[in-house]
Structure formats: structure tokens, C-alpha cells
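Trainee: I am new to this structure and would like to go through it with you. Could we take it one question at a time?

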Amino acid sequence: MDQNNNLPPYAQGLAFPQGAMTPGIPILSLMMPYGTGLTPQPIQSTKSLSILEEQQRQQQQQQQQQQAAVAAVQQSTSQQAAQGASGQTPQLFHSQTLTTAPLLGTTPLYPSPMTPITPATPASESSGIVPQLQNIVSTVNLGCKLDLKTTALHAGNAEYNPKRFAAVIMRIRESRTTALIFSSGKMVCTGAKSEEQSRLAARKYARIVQKLGVPAQFLDFKIQNMVGSSDVKFPIRLEGFALTHQQFSSYEPELFPGLIYRMIKPRIVLLIFVSGKVILTGAKVRAEIYEAFENIYPILKGFRKTT
Amino acid sequence: MNNTAASPMSTATSSSGRSTGKSVSFAAELQSMMFSLGDSRRPLHETAVLVEDVVHTQLINLLQQAAEVSQLRGARVISAEDLLFLIRKDKKKLRRLLKYMFFRDYKSKIVKGIDEDDLLEDKLSGSNNANKRQKIAQDFLNSIDQTGELLAMFEDDEIDEVKQERMERAERQTRIMDSAQYAEFCESRQLSFSKKASKFRDWLDCSSLEIKPNVVAMEILAYLAYETVAQLVDLALLVRQDMVTKAGDPFSHAISATFIQYHSSAESTAACGGEAHSDAIQPCHIREAVRRYSHKIGPLSPFTSAYRRNGMAFLAC
């Protein structure tokens, strides 16, 4: 505590960032010793923050606002406490300072509904439409090196053209899936319509490889991408949509007839067409597709093309 | 027309094209394109023919200049770099072109992820096509950039005002349409020169050039052609607005263009009763637009001869 008092005022501000979680904070802390109490809000792009991070960031700002209003001695103690406390317990710290110093003003613990992370959705019932999964891409590690030539020779439904591509392409007709098997033992499985189907198909391919005498395992099965599609059953006026949601949409009908909408939370890309068909891609879990669709549905209703 | 007077060489090529009975004509497509860009429901055929002529002349000129640049480089084909070099002066247009190229990359990346056949094709072809155009643009601008302002354009996120205005105009247009009209409008919007690549190539007629453009350069040329049409429609609409004189309004020439648009459209639909004929862009509007665009107003303009221009004013760059 005494150490901190001996530091010149600007260094006290510089000492704070060690406990900070986001890189934008150090700029603010330089302002603290001058104690105006009006800490400027950092102009950070909120696009990449999740709600949890947003909460933590706001708590950080609250902490700084409080510290600016408190006397110098208290300032150094709070700095010490911040440095001592791990980044995981900001809430405890927050409640402590509430009792010792009055807040400048109440700040909400939860992000306001107008942050640009999620599109603003009016309160309404769910759409009643469930998107269908169309394609799942998954990867798995067979755990051993493979000789592609013998694999392709002995397995049915396999093609291997080393001049074109350094992998064996295997297909299973019943599940209509395709697998790319590389010599390193890694395999990519595409075409399945559900997570279970993808896993099952990947296991089948692994068993085919096993039957050829290779000690294949089934390590690190991971779903890399899920594609879903749905139909809202009404035409959509894309020009209006593109104008109001410029931040997230790209609409170039000369290049591609659909509007490309990049949703931040969840991180999904939606292709929206005039006919009302919506394609969602980029999901790692099924819930993300459902959530994205529920987010976009009310907005699409707002741009319904009525006769 | 003034633009042909400034470049006698191009007049020869375009008139010779016309005299051989140019079989390739984009007039019908141009009519649809102009409708999607803000013209009336049925654009005039004469206007489309005139626009086709202007665009063709400008593209031939652009190609010839690009060929010269290519020769300077000692290259065998006209590539994207040469076209980027010609556009380097106009920051806004360059930024728009870069955004277009990036969007093209991004779109192929996304569509690839959706269709699994495309995914396999991409893996088979070596999968280094991702962001190909972006890499080309970035490397090239890196090499010619002296002051750092060209590279700054990659991070630049300013709103493109022209694009904004076009979007707003489209939004206003579509708001009053019904479903059938809107479906037609959407189809027209999807028309572009890049969709009809082979017809575009024939129309451009590169046989007289020694150096031919490559695939990416052709994409950019198709985009520039579309931009030229869009620019012509923008300017012609402004000219048409200026021609409408308001009775008893001494400041009608000073009011901003967008303000007038709101009022005149309301009046014209009420007064004319939705007469499509009077709403269409006339060839005189296009000619006036081109004349105004090529007329450079600078400090010494009263003293310079209009014919001493060293090149024609490109609408696209």
C-alpha cells in the first residue's frame, strides 16, 4: 500500500492495467489520477464481445468511475485490491466498493438491448418454423498413417487420383455421405443430415479402413460446420432490409441473388432470398441455427412484401 | 456528341462496329438494368441504345489504355493490376471496386461451404483460391503505393455515399411496388454483364488488341461496365430533375437534389396519373449528363481548349 503511494500519480494509473481483462482499458486508467469522475467510454467495437464479456467490461468501467470519485488513499487501496484479485471475481469487488463509496450513477449490469451485437427483436412469440439441417461437415482423426493407394484399391466406392488431389474420396450410398481420407490419417466427412448420422457415417468409414488391416481409431470427432435451411413462406423486400441493416448485410444482386447477413450472436451467416427461403451456415451446434433463425424471423416479418 | 469528338480513334472502332451490323447488342438487357437502377418501369429503347454506345466506347478506351500499361509492364495479358492502376486516382471508385472484389471472394467462400459438391471441387483444385482477388489487389497496391493512402483503403470503413443513395432510391422504388412488380424488379437487378460473359466478350471485341484481358480482368471490366451504366442513370436522373422548373421558386436551382426528388415524384405520380412515358429517361438527359461530366470546371478552364484533353473522362474510373 505504501509502495503505491510513493508512485507518481500517472504511474498509479499505469499500475492498474495488470488486473484489467480487456486491452482497451489502459487508456482510460491514465485519466484516473486527474479524477474528473467522467471517465470517457472507450470506443471499442462491441461486435466481438459476448454478453459475458460485455458485463465484465461494464463492471470494469464502473470500477474506474468509482475510483475516480474516491480520495487518493482509497484509490491506491482499490488498485491494490484489483491487482490482487483475479479476473474471475469482479462481482465481489464491485459489491464491496458499493458500500464504501457512493456510485456516480447506476450503470446496468446487463447490456442494453440496443447494443449492436444482437439484432433488436421485438417481444413476440416464436416463429413456429424449425430449420432443417441440410449438410454437416465433420472431421475425425484415425490415428495412424495410411497408404492411400492400397486403401483405394481394396475398398469399394473409393477413388484416388494423386495427380489431382492427395486424398482418397470414399462414398457410402445409403447415407449419401462422402469422406476425404488423407495419408496423415485425418478424415473429413460431409453430406450427413444430422449430427448422429455424421458420427455414424464417420464410424462406418473408419471401420472400412479398419477392415483393410489398418489399426484405425476414432479420435477427436468434431463437427466443423452445419448448414440449415428454412422457408418463412412470404416474400421479403431485400432492399429495405439491406438499407436498415447495413452493418451486417451485403446485398449485390448482380453477383448473388441472396442477401448475405452476418449475425454476430450467434456467429452465423444467413443467406436470405426474395422468395423467403433462408439458408443458415457456420454453426457448430444445432442450437445456434435455431437461435439465429428465431433472431431473424421477427425482422423478416417487418420487411414482408405485401401486395 | 462531345465524348466521341475527344477521341477520334474510338469513334472509328465504334462506328465500324456499327456499320458491320453489330450482331451483339445489349439493348434489351440494358433496359432491364436501367429499370433496376432507378429508371421508369419501361425504359426507352433509344436511351438504351445510346447508353450501350457510351459504355462500349468507354470500355474500348479503357481497354486500350490498359493494354498500354500492360505493355509497359512487359506482360502478356491484361490483368487486374492494369485496371487497378488506371483507377488509382479516384479513391472512391477504387474503394468500391475493391469492395466488389472482396465480396466476390467472400461469396464464393460461403457458397462453397453450403454445397458439398462445391466443397469437394474446391479441395480438389488446390483450395488456394480463397481470397484470390483480395490477394491480387493487396499485393499490387502494396507495390505501387508511395504515400500509404492506397493501403489505408483496405481498413477504410466509410460509408459509400453513392451506394447509399442508390440503395435509398431502390428502397423507395420497391416500397410502392406490388409482389409481381417486385419479382420483376428483382430479376432485373440480378442482370449483369458478368452473367453473360461470353456475349460480353464478343460485344467488347478484343480481337483488334494485341494483348487480351485475363479472367479476373474480364470480371472487373464487366463490373466497370455495370458501374458506368449505374453512373449514367444517376447523373441522368439528376439532369432530369434540374430540367423540371418550379413556378415561383427562385431557389430551385440551389436546393439539393435529394430534396427535390421526394417532392417531384409525389407530384408527378399524382398529376400525370402514373404515365410511364414521361418518367423514362430520355436520350437528351444522357447526353447532357455526359457533357456535364466531361466538362472539367477548374481555375483555368475558361482558358483551356476543350479539345486538348488527353483522354476521355471515364464514368467508371
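Trainee: Which side chain does B:Glu219 meet in a salt bridge?

Mentor: Good place to begin! This is a predicted model, in which local features need pLDDT of at least 70, side-chain atom pairs count only at pLDDT 80 or more, and totals for chains, interfaces and linings use all residues. Residues are numbered from 1 along each chain as its sequence is written, chains are lettered from A and ligands numbered from 1 in the order in which they are written, and side-chain values use heavy atoms, leaving out hydrogens and water. A salt bridge is a side-chain nitrogen of Lys or Arg within 4 Å of a carboxyl oxygen of Asp or Glu, and at 3.7 Å, N to O, the partner of B:Glu219 is B:Arg104.

Trainee: How many residues apart in sequence are the parts that this pair ties together?

Mentor: Helices here are DSSP runs (H or I, at least four residues), numbered from the N terminus. B:Glu219 lies in helix H13 (residues 215–243) of chain B and B:Arg104 in helix H6 (residues 91–114) of chain B, so the parts tied together are apart by 115 residues.

Trainee: Are B:Glu219 and B:Arg104 buried or exposed?

Mentor: The terms rest on relative accessible area with a 1.4 Å probe and protein chains only: under 20% is buried, over 50% exposed, and in between partly exposed. By that rule, both B:Glu219 and B:Arg104 are buried.

Trainee: Is B:Lys199 buried or partly exposed?

Mentor: B:Lys199 meets B:Glu29 in a salt bridge at 2.9 Å, N to O. B:Glu29, at 10% relative accessibility, counts as buried. B:Lys199 has 24% relative accessibility, so this residue counts as partly exposed.

Trainee: How many salt bridges does a search of the whole structure find?

Mentor: Some salt bridges link up into a network, whose members include B:Arg96, B:Asp160 and B:Glu227. Over all chains, the search finds a total of 24.

Note on methods
Helices (H or I, at least four residues) and strands (E, at least two) are DSSP runs, numbered from the N terminus.
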